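Good morning, and thank you for the time on the agenda. I would ask you to keep the sequence and the structure in view while I speak.

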Amino acid sequence: MVYTVTFNPALDYVVRVDDFQPGETNRTASDELQFGGKGINVSTVLRGLGVENVALGFLAGFTGRGLAHGLRDSGIRTDFIWLPEGLTRINVKIKAGQETEINGKGPDIPSSALEQLFAKLDQLREGDVLVLAGSIPCSLPDDIYQSILKRLEGRGILTVVDAARELLCAVLPYHPFLIKPNNHELGEIFGKVLESDAEIEGCARQLQQRGARNVLVSMAGNGSLLLDETGVCHRLGVPKGTVRNSVGAGDSMVAGFLAGWLKERDYTIAHRMGAAAGSATAFSDGLATAAQVQSLMDAF
């Protein structure tokens, strides 16, 4: 079974404004509510690709209830921990030529709730997959990802980490199955701007030497690079299409990669499906569907 953890889920209120004017009253051309948070995005795309999974995390208040009901109505299994105070955050995504995001803070997570999460993770079995994605709320310890991987060490659980800089580097000694930095995050780790495939591959190999099994690097319009655990470097560009949305593209790539690998146990196919899923989300107004992913798979 695949499990995803979202420490700070959100209701994403997505509005499109034809001619946004700061300081004035603006009216939307369209609007919609999406269920957000990086782990939840991974769960949503996995479900669409036919991979059963369970979304874990923390919810609070009436906004949390709305998110939980929406996910269940979408066919996504959930096992959230309910917080006694606060509200699950609402993020506002303004699409008006450029994308502008206003992200809420989210509720505080007490230590007692964190212990409940640990108890759930203790039930994972050999062969299960755990996805940790996104930033850490300020109410949690900075080393929470590291603590979770240490707790799972030696149990045969495949871990996936999509995080930036120190959060990512701290988990490498625990040999995560997959990490997915983008090229800018990878460069920040090594204190330089990466301008060529050779530089990106070189830095990915250094992260592999430090413990990562597979390193998947997303590069927006320049495609993606996968350094698999056998040492083979895979490189893909991007299919033709118009970018409409950047939110969730990286999460979709993680989901597509996992779906491809779980079904075929083949890194070439996993990379293609990951790239197709990431592009499908970028080319649509929401998260990628199975039909969109399959159509782009044929383009690689």
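How does the lining of the largest cavity divide by class into nonpolar, polar and charged residues? The answer is two nonpolar, two polar and four charged residues. In this classification Ala, Val, Leu, Ile, Met, Phe, Trp, Tyr, Cys and Pro are nonpolar, Asp, Glu, Lys and Arg are charged, and the others, Gly among them, are polar.

Before I continue, a word on the source. This is a predicted model, in which local features need pLDDT of at least 70 and side-chain atom pairs count only at pLDDT 80 or more, while totals for chains, interfaces and linings use all residues. Residues are numbered from 1 along each chain as its sequence is written, and side-chain values use heavy atoms, with hydrogens and water left out.

Let me return to the cavity. The structure holds one cavity of 30 Å³ or more, and the space in the largest cavity is about 40 Å³. On a 1 Å grid over the protein atoms alone, a cavity is a set of points where a 1.4 Å probe fits but cannot get out; a pocket is an open set with protein on both sides within 12 Å along at least five of seven lines; and lining residues have an atom within 4 Å of a point. Grid points are joined across faces, edges and corners, and a volume is the space filled by probe spheres set on the points. The cavity is lined by Asp-12, Val-14, Gln-34, Lys-93, Lys-95, Asn-245, Val-247 and Asp-285. Strand 2 and strand 7 (89-96) each contribute at least two of the lining residues; strands (E, at least two residues) and helices (H or I, at least four) are DSSP runs, numbered from the N terminus.

Two of these lining residues lead us to the salt bridges. Side chains of opposite charge can pair when their charged atoms come close. The structure holds 14 salt bridges, each being a side-chain nitrogen of Lys or Arg within 4 Å of a carboxyl oxygen of Asp or Glu. Asp-285 belongs to a network of salt bridges that also links Arg-16, Glu-32 and Arg-244. Within it, Arg-16 pairs with Glu-32, their closest N and O atoms being 3.2 Å apart. Because Arg-16 lies in strand 2 (residues 10-16) and Glu-32 in strand 3, this pair ties together parts that are 16 residues apart in sequence. Arg-16 is buried at 14% relative accessibility, whereas Glu-32 is partly exposed at 30%; buried means under 20% relative accessible area, exposed over 50%, and partly exposed in between (1.4 Å probe, protein chains only).

Lys-93 forms a salt bridge with Glu-101, with 2.8 Å between the closest N and O atoms. Here Lys-93 is buried at 7%, while Glu-101 is partly exposed at 41%.

Strand 3 (30-36) and helix 1 (38-48) each supply at least two lining residues, and strand 3 gives the most, with four. By class, this lining has six nonpolar, seven polar and four charged residues.
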